[in-house]
Amino acid sequence: MAATKLDGGSPSLFSPYKMGRFDLSHRVVLAPMTRCRALDSIPQPALAQYYTQRATKGGFLITEGSMISPTAAGFPHVPGIFNEEQVEAWRKVVDAVHAKGAIIFCQLWHVGRASHQVLQPGGIAPLSSTDKPISNRWRVLLPDGSHEIYPKPRKLETHEIPEVVEQYRQAALNAIEAGFDGIEIHGAHGYLIDQFLKNGINERRDAYGGSLENRCRFLTQIVQATVSAIGADRVGVRISPAIDHLDAMDSNPLTLGLAVIERLNKIQTDCGSKLAYLHVTQPRYTAYGQTESGRHGSAEEEAEFMRTWRRAYKGTFICSGGFTRQLGIQAVALDEADLVAYGRSFISNPDLVKRLEINAPLNRYIRATFYTHDPVVGYTDYPFLRNDTTKDIPTSRL
């Protein structure tokens, strides 16, 4: 049976929601996920098929991370949004998604030190807030399919940082030119912005390091610049204060999250308009990255972090990170989130919204094909529900 409400009064995962200027027909969001199908940084026709397969009328999609500059790549064949050819290619994807009646945001991405010289223009060292490399616990995927340790990055000079902020601003303008409804600033998961936020990485002694105020400065300036360029209601922000992915540790993630939220709330007050949303990832999102030694507390303590951030943020709150159908229903019904983003289950179930609503079995995802370059296999070939039966589709229940 389709779920509507748990108690007759709470909102449902499948009920409408107004996200600023956007009227959503349900609260299931396609999470941004790197898929490595944009050959030479140019979105291919397969991307249009992939996103439209997962689009529903009034549904909300967030694209995979799109590079804001040639130095932003951390995987082979990820899309960019910094030149005209990329903009034109994205426009075809966006037009196809809009034809299905869906809303789509472009995630703006710079990986910082989570890269390799092979992926950098001219073989230069990756840029970061620091010159400390990511530990040998992690490996970077190279274009030939091999994995290597992360190299030593180059710490950005203070005078260089405004140029990177400008790259985010221009990328936001490019996304709107491509037809996107808005952008998400990727400030999570150990990538460049997170490398400034987390005191386990950021050891700077200038205006971008040390105090919470200084560590939040880079993200704050990016949000201000993009809001000024395209409007607050077209800008979303993603953070992950309690996640240790790519060695992104902070000594006090609860306080860090609150510090970011305080600044986002102030930006909203100053400009007189709410941001599109705040998107926060829970620690359970990656079995590969999260270990017991990397946890800041129990699952309940981490859930309380999320509830605290939810209460503090004045606007639409999206949660993500290993959500099942039931956890998503509970998160919305208990007012722990307005929207719930699904990742891996959306990879293998293009009709995930329908499956969740009717509680149908889910296709199993194939992890080995997450980051291949094949435009079909593991990308657009997962089956939809049949009208008559699903008995012979390989499935599992979340």
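User: Why is Phe 105 called buried?
Analyst: In this predicted model, Phe 105 has 0% relative accessibility. Buried means under 20%, so Phe 105 counts as buried.

User: What makes the pair of Phe 60 and Phe 105 edge-to-face?
Analyst: Two values settle that one. The ring centres are 5.1 Å apart, and rings pair if their centres lie within 6.5 Å. The planes are at 85°, and over 60 degrees counts as edge-to-face, so this pair is edge-to-face.

User: How do you know that the pair links distant parts of the chain?
Analyst: Phe 60 lies in strand S4 (residues 60–67) and Phe 105 in strand S5 (residues 103–109), 45 residues apart.

User: And is Phe 60 buried or exposed, and why?
Analyst: Its relative accessibility is 1%. With buried set at under 20%, Phe 60 therefore counts as buried.

User: Why is the pair of Phe 60 and Tyr 277 called edge-to-face?
Analyst: The centres of these rings are 5.7 Å apart, and their planes are at 70°. Those values fall within 6.5 Å and over 60 degrees, so the pair is edge-to-face. Here Phe 60 in strand S4 is linked with Tyr 277 in strand S12 (residues 277–281), 217 residues apart.

User: What makes Tyr 277 buried?
Analyst: Tyr 277 has 0% relative accessibility, under the 20% cut-off, so it counts as buried.

Definitions and conventions
Residues numbered from 1 in each chain as written. Predicted model: local features only at pLDDT ≥ 70, side-chain atom pairs only at ≥ 80, totals over all residues. Heavy atoms only, no water. Phe/Tyr/Trp six-rings, centres within 6.5 Å; stacked < 30°, edge-to-face > 60°. Helix = DSSP H or I, 4+ residues; strand = E, 2+ residues; numbered from the N terminus. Buried < 20%, exposed > 50% of the residue type's maximum accessible area, 1.4 Å probe, protein only.
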